[in-house]
Amino acid sequence: MLLSIIIPVYNEQENLVKRLSFLCKETNKFSIEVIISNSPETSDDSPKICKNFDKVTYFISDKKGRASQMNFGASKAKGDVLLFLHADVQLPTDFYPQIKKAIEAGNKAGFFAYKFDKETPFLNFNSKFTAKDGLFSGGGDQCQFFTKDTFKELNGFNEDFCIMEDFEMIDRVRKQKIPFAIIQSKAIVSARKYEKNSWLKVNLINGYVFLKYKFGASPENLRKTYKSLLRESV
């Protein structure tokens, strides 16, 4: 099984070094290709960093926006399975055999449970909801993966969504009854957003934006609401 790991980036040079150092070691063990899909508006040293990793394929997407960049990276991928990874998320060390096992069991899609890189009772509470299927599970921090055929059948990510494209995608998976797995080996997600704001504030904002999404608010409205309420950590 050739696994294509697609990482959409926008000014992510610090996170890229960490992610690519780990992933390139894994390419020596398993059948993996790593694809960077950069924003056409990039302004950092991500292109130079990628040149230091000979097993990484670097592209500049034809359009900005995470959904567009992920679709562009997918169009260049050769893999049987496509894994979409945020640059600030660390995959578990056994990600490849776990995905292979899930696909061989008949699943066509899936995502990982996660934990935060900082342990607190509140953050641990949040992470418990990622280990099972539910209303708030399946987002992009959970490292979504799809067989290539399934991704094509779904027509990729909806590029109308400048935010919540990950939830929109997994909603379609559920509606079409596509079998998917939730891998219990945990990815590691940055807690910076919670440290910059607060646990309560982030959860209230996330819940509010999610409800607006469920009630049909436009993607641009969702983005403006999120950006206006949350202090970003990066």
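Is the crossing of helix 7 and helix 9 right-handed or left-handed? I will come to that in a moment. Please keep in mind that this is a predicted model.

Helix 7 covers residues 165-175, and helix 9 covers residues 199-214. Their axes come within 11 Å and cross at roughly 50°. That angle makes helix 7 oblique to helix 9. As for the question, the crossing of these two helices is right-handed.

Now the residues that meet there. Helix 7 brings Phe 167, Glu 168 and Asp 171, and they meet Phe 210, Tyr 213 and Lys 214 of helix 9. Sorted by type, the residues of this contact are three nonpolar and three charged, with no polar ones.

Next, the sheet. In general, strands of a sheet pair through backbone hydrogen bonds, either parallel or antiparallel. Here, eight strands form an open sheet with mixed pairing, and the order is 3-2-1-4-7-6-8-5. Strand 3, residues 56-60, and strand 5, residues 89-90, stand at the edges. Each has a single partner strand, so one side of each is left without a neighbour in the sheet.

Strand 1, residues 3-9, and strand 2, residues 32-38, pair in the parallel sense over seven bridges. Leu 3, for instance, has Ile 32 in strand 2 as its bridge partner.

Helix 1, residues 13-26, lies across strands 1, 2, 3 and 5, and runs at about 160° to strand 2.

Last, the record. An unreviewed UniProt entry annotates residues 4-138 as "domain: Glycosyltransferase 2-like". Over residues 4-138 the chain is 36% helix and 24% strand, and the end C-alpha atoms are 19 Å apart.

How values were computed. Residues are numbered from 1 along each chain as its sequence is written. This is a predicted model: local features need pLDDT of at least 70, side-chain atom pairs count only at pLDDT 80 or more; totals for chains, interfaces and linings use all residues. Side-chain values use heavy atoms; hydrogens and water are left out. Axes are lines fitted to C-alpha atoms, for helices over the stretch in contact, and angles run from 0 to 180 degrees between N-to-C directions. Helices (H or I, at least four residues) and strands (E, at least two) are DSSP runs, numbered from the N terminus. Angles under 35 degrees count as roughly parallel, over 145 as roughly antiparallel, 65 to 115 as roughly perpendicular and the rest as oblique. A crossing is left-handed if the near helix is turned anticlockwise from the far one by less than a right angle, and right-handed if clockwise. Contact means heavy atoms within 4.5 Å. Ala, Val, Leu, Ile, Met, Phe, Trp, Tyr, Cys and Pro count as nonpolar, Asp, Glu, Lys and Arg as charged, and the others, Gly among them, as polar. UniProt positions are given in the numbering used here, feature names are shortened, and annotations may be inferred rather than shown by experiment. Two strands pair if DSSP finds at least two bridges between them.
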